[in-house]
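Here are my notes on the model, for reading alongside the coordinates. Please check each point against your own view.

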Amino acid sequence: MGKNDKDDFSLRDVLQIPPDPGDARAHLQEIHPAATPLAPGKKSHTKKQMKKYGPELTDLQEKLYAQAQADDVDRVLIVLQGMDTSGKGGIVEHVFGLINPAGLLLRSFKAPTKEELAHDFLWRVTKALPEPGTIGIFDRSQYEDVLIVRVHDLIPEAEWTARYEAINGFEADLAASGCRIIKCFLNVSFSMQRERLIARLDDPNKHWKFNFGDIKERGYWADYQVAYLDALTKCNSDGAPWYSIPADHKWYRNWAISRLLLETMRDINPQYPQMDFDVPDLKGQLAAPN
């Protein structure tokens with residue numbers, strides 16, 4: 001049995017990023033990209049533990065969806081944000097593959113279209129929010145609008161700095177409406193990103209995943225780290241906390257996300273609604289001859 005098989009721990013308490021920039025910087029240094037805090041064991045054991053979460057997550061998700069049929073407003077939004085190769089796609093495949101896809105809503109945010117640019121930066125995000133009873137996953141998010149636009153100087157500084165307050169207001173309203181927000185910073189190291197990009201080049205079957213722009217973006221690594229630190233501290237609240245997910249080990253990254261989701265779903269504690277109808281009478285109607 002692994003050290004955390006008893007299930008009496010909170011990973012959220014360990015991975016949550018403090019809002020103060022100094023404390024956040026220390027937290028990110030302490031829980032570095034190759035760390036595995038509170039992992040149940042080594043790779044194989046931790047992967048087995050993650051699979052064991054599947055039935056409970058499926059049960060909780062079904063109850064969450066059922067609650068919504070009785071006008072309950074609970075829902076979950078998971079934000080996946082990180083540098084290229086940090087594993088957003090892998091999380092969607094391995095973590096959310098544990099759950100019934102009928103209750104999931106996946107949205108990916110790439111470079112904005114002309115239509116999206118014609119609106120406020122939060123317009124496309126608002127349209128993609130999960131409905132009550134569902135679990136939404138954002139592959140990238142509104143934070144692209146304070147990261148890439150800043151690093152590449154795409155808009156005036158006054159414009160992207162004002163977006164922090166807009167994001168905070170947006171997330172506060174979302175949390176107040178019954179949405180549990182889990183924001184995950186997938187913290188991959190510079191050296192591991194290189195390894196993963198080389199692995200794509202070494203495997204012809206993965207060439208389709210290689211983006212020439214990733215090499216160019218590596219040249220802005222230090223700038224992105226500064227931009228991320230600001231986003232992780234300026235937009236970090238009790239209702240929409242950030243969690244730092246060490247992402248050098250794929251098996252740990254996947255387990256950590258599944259564990260954060262499980263802890264959040266347990267907190268919600270969804271229940272099947274009590275329906276107001278006469279069961280014996282309905283059974284009698286079904287038993288009646290034609």
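This is a predicted model: local features need pLDDT of at least 70, side-chain atom pairs count only at pLDDT 80 or more; totals for chains, interfaces and linings use all residues.

1. Length of helix 8. Helix 8 covers residues 157-176, 20 residues in total. After the helix comes Gly178, with a positive phi near 105°.

2. Burial of helix 8. Which residues of helix 8 are buried? They are Trp160, Arg163, Tyr164, Ile167, Phe170, Glu171 and Leu174. Note that Arg163 and Glu171 are on this list. An α-helix has 3.6 residues a turn, so residues three or four places apart point the same way. The cover over these buried residues includes strand 1 (75-82) and strand 4 (179-187). Helix 6 (123-127), helix 7 (144-151) and helix 11 (221-234) also contribute to that cover.

3. Arg150. This residue sits in helix 7. Beyond its neighbours within four places in sequence, Arg150 contacts Trp160, Tyr164, Val226, Ala227 and Asp230. Trp160 and Tyr164 are among the buried residues of helix 8. For scale, Arg150 and Lys48 are 102 residues apart along the chain, and their C-alpha atoms are separated by 41 Å.

4. Helix 3 against helix 12. At what angle do the axes of helix 3 (residues 43-68) and helix 12 (residues 250-268) cross? The angle is roughly 30°, and the axes come within 9 Å. An angle under 35 degrees counts as roughly parallel, so helix 3 is roughly parallel to helix 12. The crossing of this pair is left-handed. On the helix 3 side, the contact residues are Lys43, Thr46, Lys47, Met50, Tyr53, Glu56, Leu57, Leu60, Gln61 and Leu64. Helix 12 supplies Trp251, Asn254, Trp255, Ser258, Arg259, Leu261, Leu262, Met265, Arg266 and Ile268. By class, the contact of helix 3 with helix 12 comprises eleven nonpolar, four polar and five charged residues.

5. Helix 2 against helix 11. Helix 2 (residues 21-30) packs on helix 11 at about 120°, with the axes 10 Å apart. That angle makes helix 2 oblique to helix 11. The crossing of helix 2 and helix 11 is right-handed. Pro21, Ala24, Arg25 and Leu28 of helix 2 meet Leu229, Leu232 and Thr233 of helix 11. Five of these contact residues are nonpolar, one is polar and one is charged.

6. Glu263. Setting aside residues up to four places away in sequence, Glu263 touches Phe9, Ser10, Leu11 and Arg12. Glu263 and His152 are 111 residues apart in sequence, with 37 Å between their C-alpha atoms.

7. Arg140 has a phi near 70°. Arg140 belongs to the loop between strand 3 (135-139) and helix 7. With a relative accessible area of 19%, Arg140 is buried. Asn269 also has a positive phi, about 55°, although it is not a glycine. Asn269 lies in the loop between helix 12 and helix 13 (279-287). At 44% relative accessibility, Asn269 counts as partly exposed.

Definitions and conventions:
Residues are numbered from 1 along each chain as its sequence is written. Side-chain values use heavy atoms; hydrogens and water are left out. Helices (H or I, at least four residues) and strands (E, at least two) are DSSP runs, numbered from the N terminus. The expected span of a helix is 1.5 Å times one less than its number of residues. Buried means under 20% relative accessible area, exposed over 50%, partly exposed in between (1.4 Å probe, protein chains only). Contact means heavy atoms within 4.5 Å. Axes are lines fitted to C-alpha atoms, for helices over the stretch in contact, and angles run from 0 to 180 degrees between N-to-C directions. Angles under 35 degrees count as roughly parallel, over 145 as roughly antiparallel, 65 to 115 as roughly perpendicular and the rest as oblique. A crossing is left-handed if the near helix is turned anticlockwise from the far one by less than a right angle, and right-handed if clockwise. Ala, Val, Leu, Ile, Met, Phe, Trp, Tyr, Cys and Pro count as nonpolar, Asp, Glu, Lys and Arg as charged, and the others, Gly among them, as polar.
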